[in-house]
Structures are given as C-alpha cells and as structure tokens.
Amino acid sequence: MEVFLQLTVSGLSNGMVYALAAVGFVVIYKASEVINFAQGELLLFGAYLSFASIAQIGLPWGVGVALTLVLAVAIGLAIERLVLRPLIGEPVISMIMVTIGLSGVLRATVNAIWGPRPRTFPQFLPSGGVEIAGVVLGADRLIVIPTAAVIFVLLGLFFRYTRDGIAMRAVADDQQAALSMGISIPRIFAVAWALAAVSAAVGGMMLGNIVGLSPNISAIGLRVFPVVILGGLDSIAGAVIGGAVIGLLEAYTGGYIGNGLNLVVPFIVLILVLMVRPYGLFGKPIIERV
Amino acid sequence: MAPGVGFPGGRRRPLRTRVLELSNVEVLYDDVILVLKGLSLTVAEGSITALLGPNGAGKTTTLKAISGLLRPDDGEVADGTISFRGHDIHKLDATAIVRQGIFQVMEGRRVFEHLTVEENLLVGAYARTDRAAIPDDTQKVYDYFPGLETRAKQQAGYLSGGEQQMLAIGRALMARPSLMLLDEPSLGLAPRLVRTIFDVLVRINSEEGTTMLVVEQNARLALSIAHHGYVMERGRIVLDATSKELAANEDVKEFYLGLTEVGHRRSYRDVKHYRRRKRWLS
C-alpha cells in the first residue's frame, strides 16, 4: 500500500508535467494543425529562465516565477511572429519541419548560455515529506498536482468564456469560416503559441523542482507524443488525462515490474489504444447528423 | 423583349446610392485561371440584389472577391476595382473588410460544429467594438429564428440543415453588417424551410435596413425577393435588370426558371439563337 501510494503520487506528478507540455502542443495543433516538435524545448527554456531569474539574478521566487511566465509569453509570441508567420499559407508540413529546426535552436541556445552540465534548481516548492495515512510522500510532488490542475481549469475557462478563447475553437473548427467572421488568423496563432509557451514554462519549473535541471529534460518532449495520441491530438481534456495515464503507467511498471520497462509500456498502451480508437480516447469525433 | 433588358449599363438605374460597385473586376486563381473576366455590377443601398447564373459562372468567386476570402483559395483580384461606400476595398484583407460592415454567409452554412449555437452567435460578433449590445442582438436573432433559442446550448453540428442555415444567417446578423453577401442560402433545404428563411431575409432587409447581395441557383426564388438582378455566365454579367423584368425575360424564363410556353414547340434553332445572342453580349 505504501509503495502503491508513493508510485501513484510520483506517477501523477510526472504525468501532470507531461500534461502541461501536451496541453500547449494540443492548443497549437488545434489552432493551426502544426505539430510542434519544439514543445520539450519550450519547457526546457522555461525551466532555465526561472533558474536564471531566481538562482542567478537572485529574485525572490514569486517574482522569478512571474518573470519567467512573462518571458515565456514573449518567447511564444516571438516564435510565432518570426518563425511561423512567414510560413502562413505554405503547406503545414513546412511549418512542422520548421519546429524541428526551432527545437535545435532552442536547445543550442540553452547550452550556449547555461552550459551542458546539470544545475542546482532553486527549489521553491517545499521539499521534505508529508505523512498521509502513515505513508511519507514528497511535498513538492504533492503540490505539482493541484498546481497543474489550476492551470488546466484556467485554460478551460479561457476557451469556454473569453472572446479569443471561443474564437480559437472556431478557428479549430473551420478556419475559412472563422476568417469570414473577421477573426485574424495570425492573432489566433500568436495566442496559441503564447499559451503553449506558458504552460510549458510552468511544466519546466515543476520539473526543475521534482527532478532537477539539465539540458536533458527537453527529452520530455518525446513523452508528449504518446500522451497526446492517447488523449486525442485535438483534446485538451484528453491531454490532461493522457498525461496522468502515461505518468501512472510509467510509475507502476517501473515500481512493480522493473526499471527500464517503464519507458516502453506507454508506447505499448499507445498502440493498443490506437487499434481501438484511432483518434485517441478523447479526440473530437466527426459530428454526423442523421 | 422588355425595354432596357439585356444590355449591361445600357439602362438607367434608379437614383439610389450605390453601396457597392465592382468595375471591370478580373479574378485569377493560382496566377493562371481567369474566372472573372471584367465583371461590373452595382448594389443599391437598402436593396436585395440577386446574382444568378449556372454552375461555374463565377458567382461564389464574385462574393469572395468582395469579402476578401479569395486568398485562402489562392485567388486574387488581378484587375479592376471594388469600392464600398466610396472606398476601394479590393486590397484589404478579410478581417478589415468585415470591419467595414460587409459580411459573407458562406455556401454550405459553415457553422462551427463543435461550438454551441450561442457561441456561434458570439463568434459572429467577434469584429464588433460595441460589445455591450451583444446580448440584445442575440435576442434579436432568436426573435427572427425562434427555433434557435431552444437549441442555444447545443452543439451546432447536431442542428438540422435548416437550423444551421438559420444559425449562419443569425451569426451574420450579430456582426450588424450594412451589406450581407449570401451564397446559396437555399442549398440542400426543404422547400418549406427555404420559404421561411427567405421570408426572414426580406424582414431583415426591411427592418434592419441591411443591403443584400444574394447568389442563388434557384432563380425563381431569388427573383421573388430581389429588387434587382444580374445574370452572369462564364465570368461576365450577361443580363442586368429589375427582378420583375428579369422574371419576364424569355431567355431567363427558359434557361433559369424552366418555363416554356405550353403548346409552343421549341426548336433547336431557338437554343442556337440564345447561344448566338450570348456570344454577342459577351
């Protein structure tokens, strides 16, 4: 029971970090059908930005986090403006390829500024253990879960109630019809990239707290794929649930079966799910009237 | 032939302000395919103007040229001018054109299927600056189309075809356009629904003062609500007259309204006559 609880908390907290990265991926995909291969690097950049503002500049952690989020918005907007907007109207595959280049540029930038060796992340989440029902669980990991939940709820409210949020869903449904409503498509893409960068930055900071900081954490970008394909490429709720499922599966297989296998199991599950539901667990079904 | 029918520009228009004026518009797709070959037409303030013609004549292209929606289809206005209330708009993008007060109801309804009816209406009002008036206007749409109100919270994809067309028109109303472009509003709908929708269009035209340019395959229907009509073929206007005159025109009767005089045998020569005439006009 003790092991089970610990694995659950560990898996869920990892899963929430995956979900934070995946949500940004889904938002970009929904708005522009672009598959963003640089999602892991956005997360990496966010983590290093908070490291720089808290550990290197010495800002209080609250201010450092806020600064990181502001910078993340700026980076998201800049990427859209400089890298993707010139490609609007080109085939989507060109945009996808450019995100692969972007991931290399971002990773190289991090390496150039902060070097390749691991850094000590300025942990601002409480470390140490919390005893729940006689089991000691990591406090930082326990905090990651509700924090991510808050981000998801805010995102949900954004898409449900704000003018731009509803417009983004309209663009996802029918881009040309949205254009005929006077919606500026570039603006929607820009908002999507800003949101993706922010949620990735939050994920990066959480990850820095629970596993530490090194350029390797961008590898989490690869985890995004089983997560979003499991949940459905175009479903935000799917990204959250997919993240939780993959995180838990990794933790349980790693804990009960053996380390190493935990890296394979998500992909096995993925293949099984795709055989049954090709558009993912929560992918948008095509509405057919009868 | 009725006096004045058939000669573009050869006839005095009623003295009303021209809201929209297309002159010698040429539209190219992919830089090579010429779809509009010097098209000119005008739409009078407060009128309903019908644009008729066979498939492939360029009716939808004409509407898209006005609303700036050619670009996603790789089309462009290569020559000529489109002016709206005295300003040239053919160089503006779609977003700017919506803000000028032109709103296109696209062919095939194009509702946002995964958004609710209410959200679809909200998106229609996206370009508006006076957001405070949005609730009132939503109510107004529900007054025009009572069926939509009961479905307000449902996803638009689950509405019937008729309801979707009503939603598409309601969504346009939310933008409070001064010129509404309607592309085949009757497409794929049952005749009774079509009547309802066209009755509401007439009401909107008179109650809101919205000028309308309607593209229709169903010529009889379009002429029944329009004040003025144009017939286009192969990228050009070939007839231009009031809708009454068009409805009485022999060629329109035969080729668009499907009417032939009973007991009067049509010979192939008559068709050839029409072809000849058409060539001469274009």
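The model is predicted.

Chain B holds an open sheet of 4 strands. Their order is β2-β1-β4-β5, and the pairing is antiparallel. Strands β2 (33–44) and β5 (87–88) of chain B form the edges. Each of these two pairs on one side only. Strand β4 of chain B covers residues 75–84. It is joined to β5(B) by 2 bridges, and the two strands run antiparallel. Within this pairing, D88(B) of β5(B) stands opposite S83(B).

Another open sheet in chain B is built from 6 strands. Here the order is β6-β7-β8-β3-β9-β10, and the pairing is mixed. From one strand to the next, the twist averages 15°. Strand β7 of chain B spans residues 179–183. It runs parallel to β6(B), and 4 bridges join the two. F103(B) has M180(B) in β7(B) as its bridge partner. Helix α6 of chain B, residues 161–173, packs on the sheet and touches β6 and β7 of chain B. The direction of this helix makes about 175° with that of β6(B). Helix α7 of chain B, residues 191–207, lies across β3 (48–52), β7 and β8 (211–216) of chain B. Relative to β8(B), helix α7(B) runs at about 155°.

The two chains also meet each other. In this contact, 23 residues of chain A touch 32 residues of chain B. Together the chains bury about 2500 Å², with 58% of that area on carbon and sulfur atoms. Polar contacts between chain A and chain B number 9 residue pairs, counted with both residues at pLDDT 80 or more. On the side of chain A that touches chain B, the elements giving two or more residues are α6 (163–173) and α7 (175–180) of chain A. Helix α6(A) gives the most, with 7 residues. By class, this side of chain A has 10 nonpolar, 4 polar and 9 charged residues.

Salt bridges occur both between the chains and within chain A. Between chain A and chain B there are 3. One salt bridge pairs D174(A) with R110(B), whose closest N and O atoms are 2.6 Å apart. Over all chains, the structure holds 18 salt bridges. Among them is the pair D164(A) and R187(A), whose side chains meet at 2.6 Å, N to O. This pair links distant parts of the chain. D164(A) is in helix α6 of chain A, while R187(A) is in helix α8 (residues 185–211) of chain A. The two residues are 23 residues apart.

Definitions and conventions
Residues numbered from 1 in each chain as written. Chains lettered and ligands numbered in written order. Predicted model: local features only at pLDDT ≥ 70, side-chain atom pairs only at ≥ 80, totals over all residues. Heavy atoms only, no water. Pairing = 2+ DSSP bridges. Contact = heavy atoms within 4.5 Å. Buried area = accessible area lost by both parts, 1.4 Å probe. Salt bridge = Lys/Arg side-chain N within 4 Å of Asp/Glu carboxyl O. Polar contact = N/O pair within 3.5 Å; in protein donor to acceptor, adjacent residues only side chain to side chain. Nonpolar A, V, L, I, M, F, W, Y, C, P; charged D, E, K, R; others polar. Axes fitted to C-alpha atoms, helices over the stretch in contact; angles between N-to-C directions.
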